[in-house]
Amino acid sequence: MKNIPIIATREVKRFTTRFRGGSRAIILVILAASLLVSYFVASSGLTMSKGMYTVGVSPTGPAIEDSRFNLIGVDKAEGYAMLTRHSLDAYVDTDTVYGRNDDRSRYAVGALKQYLEKQELNRITEEYDLDQAYPLRIETHYLAANETTAAQGESISSVIGPTPAATPVPVATAAPGGTVTVTRAPVASPAPARSDAAVEAQLAQARNGTQPKFKAEFVSDNEIIIPSLMNPPVPLPQVIIAFLYIVPIFFISVFFTSSFMDEKTNRKLNILLSAPVSAFEIIAGKMLPYLTFALVVIVGVTLVLNGNLLLALAIFIPIVLFIFAVYLMVALFYRTYKDQTFFSMAAITFITGYLVFPALFTGVNNLSYISPLTLAVQMYRGESFGLVEYVFSTAPMYLVFLLGMYVGVRIFNEEYLMGYGPLYKKAGDAIYLAINRKHLFLSIALLSLFLIPAVFMAQLIILALATNIQQYFLMLIALLFCCALVEEIAKSAGIVMLLENRDIGSYKQVVLLSLLSAVGFLIGEKALLYLSLGILSNEVLIQAVTDSGLLIIPLAAHFVFTSIVCVSTKKLGTKWYFLAILVGTLLHTLYNVYNLRLAGVL
Amino acid sequence: MGAFWAIFDKEIRAIGKEKTIVLAIVIQLIIASLSSVILIGLMSFYDPSTIGQNTNIHLKIGITGDEYSSLVADLQQAHILTIYYQDPDDAQTDFTRGLLDAVIYIPPTAGGVSEMKLFLPQSDSRNTVILMVLKEPLKKYENQLRMADGVNVKFTDLNGKSSTTYEFLFSFIVPMLMLFPAFIAGSIVIDTLSEEFENKTIETLLSAPVTLADMIGGKLAASVFLAVVQCILWTVLLYFNHIVIQNAVLVLAMAALIAAFVAAGSALIALYFKDRERSQFVFSILIITVASLSYLAEPSPIGLITRLATGAPGVGILNVAFYVLPLAVLLIFIFLNTKRLAALKA
């Protein structure tokens, strides 16, 4: 342990020599210029689809201030002519929009519709009083949907109250022309102030871009829906804020990986490995300065943004650890320079996707708690979250870090680090090295258990990729096959590596290990399930379970498939592993298809 | 010239052998897929009208209270089945039996504010879908109430196609697919150049009848060639997914110009710093900076790709030709100064 500070100091020295002399000035200038430019461009307003549509506006037309539209002021006759010549995508008159009948023009009209509706809403809010501008308020109530629980739920008649002795005056008639005329009785009731507070609250929230909390506590426990304010805003500003933390951490961790590479190239790593320091001390020592730096960044960004420091640390420390664990794997796995570039790109893509994608659904779906960034988004929205949510989203991060450190320490030897073998061989060797050969049975069970987060993440990526297949049935089959493939590999890889290295010999051992692997995998799956139960409502969960077929496969099935793979690998030899995997996966897929048919999904 | 092709050939082979380029292509596929999943997800929650258009969700809504309200007609127009109940208890019974998705109580309108009541099942996911489908007719009815109260609402009858997907596709996914290969090209150039410097193979290489300019030219050409191949691949793949890129030749030419610019820029960086660690860092920072700077141009490179790919009026070959200029300046600078740059000690 005492060697960690020594290695850390050495690492800081190595890093600073890199940035010495003339190059330091140049890099600092580039960094400063980059920050300045980014700030300038960001503050001038960044729109993705700048100038996408070319729109003609008549002199009496509305003012359009949206950079998506490239505006040309023309009178009506010229506008028409340009529209038919395809020099314009749409033409806006005083209060009508003209388009052509092709796709491009219809999209342009659609975009105008979206923009103009919003403008109209703003105008109406300003020009009229609240009751005129937002005349429709809908109070929502929830009813128990099945008969056994119906008695406990609300009842419609009690909510409506005594029905006013209705002499329903026909208030609306549809005229033949399709226009609806609404006639109404002279104003009798005073403007109901009951829901006004809810309208005002939602208006304010819509302006600030915060999540409208439909539950306006001061009115009643029931949500009040106002149709034109119904859109929950995308939490984009908060996700971008969360991103301000992630980007510097990416850069820092790139230096962390580079450090290993640098020492591999100039052979200093060999010296380090022959010194009386443990693998853990080397990894921890090298990581320490960069971790410290990442912490400084988190504190700095939080102070600048005026966030809650303790909360920010609690949210971002697991994220930092997770990113460092992934990058540690990059550093230990790569063989050439290009490898490292592509591994890093893959790592960035994967981490960004995993963190940002769920966070975009903050407040919409509880599944968004997969990503800890969701917590950060909530923090910057001034909302609170519970301990269960915190554990659900950060526990996988800590687990991946522990797993990464463990594997890192186990594979940290000269032969492995300098090896140039093909990737699948490197991965196999890493698994083999991670197994403790003194406790084979326990190791195999734990391996399957700890691979669950990796399997889960891989399956999420497969799910995203599968959406590219347009045909639904084909997509489902491909999805099931690939997910089964990942699971079968995860369960059998350790056993096959033991076979390859002749650590086990008898069929009895293979079958027993398959059983243990299946048990480990099942426990992992169930743990995931129970953790999810605390977060998701039952219904969503059941849907997720039947959709993926991931969690309901019982032990027997796991055991059978894994033994098929492992026993046939033993019989045919490890070079036929891929064939065994293929057979196991096919059976697994068929089994899943059968289950889904039973559940009525297919 | 022979040396140039030898280097070109060597670089392509090296990348082919390492197969990491496959990983790079998979990464791009993942980014594109994740983005489209995000888009579909976001749209279903934030822009439900498109879902209403695209899916066949058939809702049955129980109505109680004012059966002559124009909301009933609005709901029917949106292909929602409505059933009127005189007695709310009957509606409740049918709801518990699972015959209805939701119940709406419409109070008799006395003018001014209408306070409706909506009864939904307790399940989270089902509710989202029901609200999604109800949103458009409710908005329509809201406007009718406004107009009845003398509020003048304009632009209520526009019927274009929802543009969210279209905009996202052509202003994010297509440019991303066309520019990511350029980013990869830059990284490859830095890797291969700094590898030569750090492993000291550059001296061996230069003792052969190869000039520094040949070597850099070969590496640049190889990386740009790979980028263009990827862009063509994406164009074809998008075509099979029924996404047609207009002006494909001009779009590809623009992508090639950008790839060449990025590759040349990264060659400059690697020539100066000579090690991977600093070069990659400076490259990542600079690419963000230059990308944000280029946003200020009109049309910006990314905007130009978007507009060309959608067949927008007013852009064409001249806009693309304009971008040859910065590339030419950069290339001339590099090839006039290669020796000096390589000799610099940074």
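**A walk through salt bridges, a helix and a sheet**

A:Lys76 has a relative accessibility of 36% and therefore counts as partly exposed. That class lies between buried, under 20% relative accessible area, and exposed, over 50%, with a 1.4 Å probe and protein chains only. The model is predicted: local features need pLDDT of at least 70, side-chain atom pairs count only at pLDDT 80 or more, and totals for chains, interfaces and linings use all residues. Residues are numbered from 1 along each chain as its sequence is written, chains are lettered from A and ligands numbered from 1 in the order in which they are written, and side-chain values use heavy atoms, with hydrogens and water left out.

What does the side chain of A:Lys76 meet in a salt bridge? The partner is A:Asp93, at 3.0 Å from N to O. A:Lys76 sits in helix H3 (residues 76-84) of chain A, and A:Asp93 in the loop between strand E3 (90-92) and strand E4 (97-99), so the pair ties together parts 17 residues apart in sequence. A salt bridge here is a side-chain nitrogen of Lys or Arg within 4 Å of a carboxyl oxygen of Asp or Glu. Helices (H or I, at least four residues) and strands (E, at least two) are DSSP runs, numbered from the N terminus. A:Asp93 is at 10% relative accessibility, so this residue counts as buried.

Another salt bridge crosses between chains. The side chains of A:Glu117 and B:Lys139 meet at 3.4 Å, N to O. A:Glu117 belongs to helix H4 (residues 103-127) of chain A and B:Lys139 to helix H6 (residues 124-148) of chain B, so the pair joins two chains. A:Glu117 is partly exposed, at 28% relative accessibility. B:Lys139 is buried, at 17%.

Chain B also holds a pair of its own. B:Asp275 and B:Arg278 form a salt bridge of 2.7 Å, N to O. Both B:Asp275 and B:Arg278 are buried. A network of salt bridges links A:Arg10, A:Glu11, A:Arg14, A:Asp262, A:Glu263, A:Lys286 and B:Glu277. Over all chains, the count is 26 salt bridges.

Now turn to the sheet in chain A. Four strands make an open sheet in the order E2-E1-E3-E4, with mixed pairing. Which strands stand at the edges? They are E2 (69-73) and E4; each has a single partner strand, so one side of each is left without a neighbour in the sheet. Neighbouring strands are turned by 25 degrees against each other on average, direction ignored. Such angles use axes that are lines fitted to C-alpha atoms, for helices over the stretch in contact, and run from 0 to 180 degrees between N-to-C directions. E1(A) and E3(A) pair in the parallel sense over three bridges. Strands count as paired if DSSP finds at least two bridges between them. A:Val57 stands opposite A:Val92 in E3(A).

A:Ser44 counts as partly exposed, at 44% relative accessibility. A:Leu229 is 185 residues away from A:Ser44 in sequence and 27 Å away in space, C-alpha to C-alpha.

How many residues of helix H14 are buried? In H14 (residues 373-380) of chain A, eight of eight are, and the helix is mostly covered. Among them are A:Leu373, A:Gln378 and A:Tyr380. The cover includes helices H9 (236-265), H11 (279-305), H12 (309-333), H13 (337-359) and H15 (387-411) of chain A. After H14(A) comes A:Gly382, with a positive phi near 75 degrees.

A:Leu572, A:Trp576, A:Phe578, A:Leu579, A:Leu582, A:Val583, A:Leu587 and A:Leu590 make up its area of about 710 Å². Patches take residues with over 30% relative accessible area and no salt bridge; like charges are joined within 9 Å, nonpolar side chains (Val, Leu, Ile, Met, Phe, Trp, Tyr) within 5 Å. Areas come from the Shrake-Rupley method with a 1.4 Å probe, and for residues only the protein chains shown count as cover. Helix H24 (residues 577-599) gives the most to the patch, with six residues. A:Trp576 lies in the loop between helix H23 (555-572) and H24. A:Trp576 is partly exposed, at 37% relative accessible area.

Finally, chain A as a whole. Its secondary structure comes to 24 helices and eight strands. Of its 602 residues, 49% are buried. Among contacts between residues at least 6 apart in sequence, 67% join residues at least 24 apart. Contact means heavy atoms within 4.5 Å.
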